[in-house]
Amino acid sequence: SVEEVRRSLLKALIDRKVNKYISSFDGICQNIEKDKYLVILKKKSVMQMQEQRFELLEDVKTVNIGNEMAVTLSIGIGLDGLVYAQNYEFARTAIDFALGRGGDQAVVKMPDKINYYGGKSQQVEKNTRVKARVKAHALREIITSKDNVLIMGHKIGDVDSFGAAVGIYRIARTLERRAQIVLNDVTTSLRPMVDLFLNNPEYENDMLLTSAQALECAGPNTVLVVVDVNRPSLTECPELLKICKSIVVLDHHRAGTETIENATLSYVETYASACEMVSEILQYTSDGIRIKSEEADSMYAGMVVDTQNFMTKTGVRTFEAAAFLRRNGADVTRVRKLFRENAAEYKAKADAVSQAEIYRNAYAISICHSEGIASPTVVGAQAANELLDIRGVKASFVLTEYQNKLFFSARSIDEVNVQVIMERMGGGGHLNIAGCQLENTSVEEGIIVLKRTLDKMIEEGEIS
């Protein structure tokens, strides 16, 4: 966004900040490409940097010569490798993690763990669709080289993962390949959408499979497409990842320590919803592709849910994808009807909102009771969203007991990065939507753990 004449000045100012910062720690810093630096430091210096939480990340944002966007850096550091080459490999992996999580952060990778620092700015949407087109062509090649396509989302599937799966199903059918979606539990929020496809003469009876059925179908000639998740343990059927040799990952969650390693094709864009990514890919897979109205409704519904009615993570491309679905028969009124809740769920959500405790004048904490509700985790997530409408609330946390686990739904608008909070508790997610699960923990203990985590992070300066 800077005019030609001042670009070299901007680069020089960033250069100076980086060099000054590294030389203050007695390190060597060499610019190896127009936007990359290779840095060599003593381990002692890295420890100091970690203690100061990598001040350079915030310092570089102060560079301003009339640029509209703030300058952000990503730092990847490899530590404790056996040889220099291994440290270099660790550093490369770390920078990939930093960029995959949206940039503006430092990642320190060691043989046994990974530490994250920073990551306070929102991911910026890319203007071009070149990457979507390239990935669409690659996906087309992979699908046409196999006979069967299996599609799976995450456990306790939601509207976004199902909508994205339906989009991939349409791509595979257009390319004249057999396609099936792996879905075990149908939550109440998903039931109206699944009903659009069940007993529908236009769709095969075996369009939806359980994990056991999918394992029987899978073979060397099967391509597995994983949507809306990139952690093996959270997929509907982790065993499928071992059986299928050809795996495609389409996801929008910021990468954590555990990722699907052996993917043939991986497309992770953290600013978009899964349905948005799939509807972009759809447009490039084949000319004049026709989507049925049920499929357009499902994908549009996924987009509405994930962007919270087009209020978060919504860029120009989001509306372009929505317009494409609208042209292909998505009906806003029909989609609204799909979202209607039953009375018990509505009351449970209202209850969770009304009984929220505001901790430290900024964090809303509440409990969503699960008695008599089929999908309490979904209701808990909706309650967490609504709590953000209270003035002064920086982040909201709703705890739900379900299937002998304690589920946390964490939400924020822009002041707090809830992902780093949930990562401390063994979970993860996005800057403003995250969650985690604890086993053998009561609601009361869960609240204590959450408060302790918040206190510790505020003390360390990780959150304010």
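The side chain of D160 reaches the backbone nitrogen of A274 at 3.3 Å, a polar contact in the sense of a pair of N or O atoms within 3.5 Å, where within protein one must be able to donate a hydrogen and the other to accept it, and where residues adjacent in sequence count only if both atoms are side-chain atoms. This is a predicted model, in which local features need pLDDT of at least 70 and side-chain atom pairs count only at pLDDT 80 or more, while totals for chains, interfaces and linings use all residues. Residues are numbered from 1 along each chain as its sequence is written, and side-chain values use heavy atoms, with hydrogens and water left out.

D160 lies in helix α6, helices being DSSP runs of H or I with at least four residues, numbered from the N terminus. D160 is buried, with a relative accessible area of 0%, where buried means under 20% with a 1.4 Å probe and protein chains only. Residues up to four places away in sequence aside, D160 touches D228, H252, S273, A274, C275, G302 and D306; contact here means heavy atoms within 4.5 Å.

The largest nonpolar core has 57 residues, and those with the most contacts inside it are I151, F162, I168 and L250; such a core is a set of buried Ala, Val, Leu, Ile, Met, Phe, Trp, Tyr and Cys residues joined through side-chain atoms within 4.5 Å. Helix α6, residues 159-174, gives the most to this core, with nine residues. I168 touches L139, I151, V225, V227, L250 and V278, not counting residues up to four places away in sequence.

Two helix pairs can be set side by side, with axes taken as lines fitted to C-alpha atoms over the stretch in contact and angles running from 0 to 180 degrees between N-to-C directions.

| Helix pair | Axes come within | Crossing angle |
|---|---|---|
| α11 (residues 293-306) and α12 (residues 316-327) | 9 Å | roughly 155° |
| α14 (residues 343-354) and α15 (residues 376-387) | 9 Å | roughly 45° |

At the α11 and α12 crossing, A296, M299, Y300 and M303 in α11 meet T318, A321, A322 and L325 in α12. Between α14 and α15, the contact is made by E345, A348, K349, A352 and V353 of α14 and V379, Q382, A383, E386 and L387 of α15.

L454 is found in helix α17, residues 443-460, and counts as buried at 0% relative accessibility. Its neighbours within four places in sequence aside, L454 is in contact with Y359, Y363, I365, F397, I421 and I463.

Definitions and conventions: Buried means under 20% relative accessible area, exposed over 50%, partly exposed in between (1.4 Å probe, protein chains only). Helices (H or I, at least four residues) and strands (E, at least two) are DSSP runs, numbered from the N terminus.
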